[in-house]
Amino acid sequence: MSFSELAIILLSTVLVNNFVLAQFLGLCPFMGVSNKLESAIGMAGATTFVMTLASICTYLVDTWILAPLDLQFLRTISFILVIAAVVQFVKMFMEKTSPLLYRVLGVFLPLITVNCAVLGVALLNTQKAHNFFESTMYGFGGALGFSMVLVLFSAMRERLAVADVPVPFKGAAIGMITAGLMALAFMGFGGLVNLQ
Amino acid sequence: MIDLILHNPVVTALLVLGGLSAAFGAVLGFAAVKFKVEGDPLVDRIDALLPQTQCGQCGHPGCRPYAQAISDGEPINKCPPGGQATINALADLLDVTAPSLDAEHGEHLDVKRVAYIREDECIGCTKCIQACPMDAILGAAKHMHTVIVDECTGCDLCVEPCPVDCIDMIPLKPDLQTWQWSLPATNQSPVFHVVASEVNLIASDRQAKPEPVERDGNKAA
């Protein structure tokens with residue numbers, strides 16, 4: 001596993017195959033917590049943390065428990081179990097070791113349990129037959145892409161909140177349109193890297 | 001047995017999922033004990049003594065921040081709604097001598113009061129709504145406002161911003177819900193959360209306690 005391959009995975013997940021804008025995963029927090037920049041940054045931090053950790057843990061569970069016993073059909077349910085446990089553990093650990101970060105992330109930490117991007121990254125890892133480092137990098141890159149898009153989008157929505165938007169487009173409608181335009185813009189990165 | 005497990009995927013699946021759940025459960029249970037967080041118990045106890053009017057007259061945004069500040073060493077005599085009873089209770093808890101109420105932050109009034117908006121004069125400026133820490137004032141721009149009596153803590157904060165001075169603080173008359181028996185004063189510790197004065201009902205050579213603690217704050221608010 002060379003360094004350049006890992007760098008390509010990172011670049012591809014952040015820009016080209018962005019989880020939100022190209023694969024449409026994690027749309028709920030993308031629309032839900034992007035009203036304010038501060039909460040978006042909190043959510044981005046928590047998601048990055050959990051997604052990286054979850055992709056490591058699910059890789060281990062898949063390789064060392066499910067694959068030897070020929071139980072790949074249990075992936076979805078056991079991954080959900082792993083993610084829920086990881087999130088809960090991280091929450092307890094953080095509450096003890098870093099109360100400040102815990103207070104900043106607040107309610108977003110448990111919310112990530114049901115973020116489909118986290119389950120998505122675990123399932124895509126097994127689908128693409130990534131090894132340990134590739135899985136970790138894929139999870140981290142995906143989370144980084146998610147964070148970037150979320151923060152950019154919330155910055156835009158803060159501007160939109162004071163903009164003179166026609167009445168029928170006010171609120172969520174203009175948010176959807178903005179997200180669509182953003183996805184179009186990100187299509188420009190297509191072909192930058194070619195995986196597989 | 002092993003044969004059954006290896007050749008029956010359903011049994012294996014159940015065992016694996018059960019095992020995983022048990023393992024994660026064990027880890028989480030262990031973590032819950034290991035990473036147990038003890039909050040600052042002193043702040044909670046101070047907070048319990050404050051009247052919870054969230055009026056901000058002490059200069060803090062609410063009762064909890066003031067409790068935090070007290071535990072960090074701020075004077076305890078900045079709470080007008082609580083009055084001397086709260087100060088004495090706090091002094092008792094913190095083992096310091098009780099100072100008198102700092103008049104700079106306001107005066108203590110024994111009667112519970114609520115804000116009343118003279119609705120004919122209200123111009124609908126929404127300034128009192130913004131000032132209210134309890135969201136107890138209802139209204140919209142250029143429409144008459146009114147006070148939700150049950151929510152109002154009588155903190156006076158809406159009186160100052162009103163440009164037409166149409167807010168009165170009126171004493172709340174006790175009704176069927178709020179009326180209480182006036183208990184005979186005793187030197188016992190408060191049984192019914194009533195501030196008792198120092199009158200001995202039963203002859204005793206024990207020194208009466210300073211002033212019994214008032215804990216629920218309803219009366220003082």
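Where in chain B is the place of B:I137? B:I137 sits in strand β2 of chain B, residues 137-138. The model is predicted: local features need pLDDT of at least 70, side-chain atom pairs count only at pLDDT 80 or more, and totals for chains, interfaces and linings use all residues. Residues are numbered from 1 along each chain as its sequence is written, and chains are lettered from A and ligands numbered from 1 in the order in which they are written.

**Chain make-up**

- Chain A holds 9 helices and 0 strands, where helices (H or I, at least four residues) and strands (E, at least two) are DSSP runs numbered from the N terminus.
- From the N terminus on, the order in chain A is α-α-α-α-α-α-α-α-α.
- Chain B comes to 6 helices and 4 strands, in the pattern α-α-α-α-α-β-α-β-β-β along the sequence.
- Of the 196 residues of chain A, 40% are buried; for the 221 residues of chain B the value is 22%.
- A residue is buried if 20 or more other C-beta atoms lie within 10 Å of its own, exposed if 12 or fewer, and partly exposed in between, with C-beta atoms placed from the backbone.
- For contacts between residues at least 6 apart in sequence, 79% in chain A join residues at least 24 apart, and in chain B 55% do.
- Two residues are in contact if their C-beta atoms, placed from the backbone, lie within 7 Å.

**Contact between the chains**

- Chain A puts 14 residues into the contact and chain B puts in 13 residues.
- On the side of chain A that touches chain B, helix α4 (residues 75-97) gives the most, with 10 residues.
- That side of chain A divides into 10 nonpolar, 2 polar and 2 charged residues.
- Ala, Val, Leu, Ile, Met, Phe, Trp, Tyr, Cys and Pro count as nonpolar, Asp, Glu, Lys and Arg as charged, and the others, Gly among them, as polar.

**Nonpolar cores**

- The largest nonpolar core has 50 residues, and A:V50, A:A54, A:V86 and A:V118 have the most contacts inside it.
- Such a core is a set of buried Ala, Val, Leu, Ile, Met, Phe, Trp, Tyr and Cys residues joined through C-beta atoms within 7 Å.
- At least two residues of this core come from each of α1 (3-16), α3 (37-66), α4, α6 (108-111), α7 (116-127) and α8 (132-162) of chain A.
- The element that gives the most to this core is α3(A), with 11 residues.
- Another core, of 15 residues, lies apart from it and has B:I46, B:C58, B:I87 and B:L101 among its members.
- Not counting residues up to four places away in sequence, A:V118 touches A:V50, A:M51, A:A54, A:I83 and A:I112.

**Helix packing in chain A**

- α3(A) and α8(A) pack at about 165°, with their axes 8 Å apart.
- The axes are lines fitted to C-alpha atoms, for helices over the stretch in contact, and angles run from 0 to 180 degrees between N-to-C directions.
- At that angle α3(A) is roughly antiparallel to α8(A); the term applies over 145 degrees.
- By class, the contact of α3(A) with α8(A) has 18 nonpolar, 10 polar and 1 charged residues.
- The axes of α4(A) and α7(A) come within 10 Å and cross at roughly 130°.
- From α4(A), A:R75, A:F79, A:I80 and A:I83 meet A:V118, A:L119, A:A122, A:L123 and A:T126 of α7(A).
- The residues of this contact of α4(A) with α7(A) divide into 7 nonpolar, 1 polar and 1 charged.

**Single residues**

- B:I137 is buried, because 22 other C-beta atoms lie within 10 Å.
- Not counting residues up to four places away in sequence, B:I137 touches B:C128, B:I129, B:C132, B:H145, B:V147 and B:C158.
- B:I137 and B:I117 are 20 residues apart in sequence and 9.4 Å apart in space, C-alpha to C-alpha.
- A:F24, in the loop between α1 and α2 (27-32) of chain A, has phi near 55°, a positive value in a residue other than glycine.
- A:F24 counts as partly exposed, with 14 C-beta neighbours inside 10 Å.
- B:D165 lies in the loop between β3 (146-147) and β4 (167-171) of chain B, and its phi is near 50°, also positive in a residue other than glycine.
- B:D165 counts as exposed, with 10 C-beta neighbours inside 10 Å.

Key:
Angles under 35 degrees count as roughly parallel, over 145 as roughly antiparallel, 65 to 115 as roughly perpendicular and the rest as oblique.
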